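Morning, everyone. Please bring up the model on your screens. I'll keep this quick.

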Amino acid sequence: MAQKRNYRDAGTGQYVTKKYADSHPKTTVSEPRPNNKPKKK
């Protein structure tokens with residue numbers, strides 16, 4: 001399974017949609033989503 005990603009605008013740092021990132025590849029940054037699932041005890 002492919003890892004899910006977050007997309008940010010390089011200038012403002014705000015999160016953007018994948019559709020926006022695909023249409024503005026030079027001004028967006030892709031980063032892996034953090035794995036913050038709670039651990040079972």
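How many helices and strands does the protein chain have? The protein chain has 1 helix and 3 strands. Keep in mind that this is a predicted model. Along the sequence, the pattern reads β-β-α-β.

Now the overall dimensions. Taken along the principal axes, the C-alpha atoms fill a box of roughly 45 × 25 × 10 Å.

Next, burial. The protein chain has 41 residues, and 12% of them count as buried.

On to contacts. Take the pairs in the protein chain that sit at least 6 apart in sequence. Of those contacts, 30% join residues at least 24 apart.

Let's zoom in on one residue, Asn6. Where is Asn6 placed? Asn6 belongs to strand β1, which covers residues 5-9.

Is Asn6 buried or exposed? Asn6 is buried, because its relative accessibility is 16% and the cut-off for buried is under 20%.

What does the side chain of Asn6 pair with? It makes a polar contact with the side chain of Arg33, at 3.0 Å.

Which residues does Asn6 touch, leaving out those up to four places away in sequence? The list is Tyr15, Val29, Ser30, Glu31, Arg33 and Pro34.

Over to you for discussion.

Conventions:
Residues are numbered from 1 along each chain as its sequence is written. This is a predicted model: local features need pLDDT of at least 70, side-chain atom pairs count only at pLDDT 80 or more; totals for chains, interfaces and linings use all residues. Side-chain values use heavy atoms; hydrogens and water are left out. Helices (H or I, at least four residues) and strands (E, at least two) are DSSP runs, numbered from the N terminus. Buried means under 20% relative accessible area, exposed over 50%, partly exposed in between (1.4 Å probe, protein chains only). A polar contact is a pair of N or O atoms within 3.5 Å; within protein, one must be able to donate a hydrogen and the other to accept it, and residues adjacent in sequence count only if both atoms are side-chain atoms. Contact means heavy atoms within 4.5 Å.
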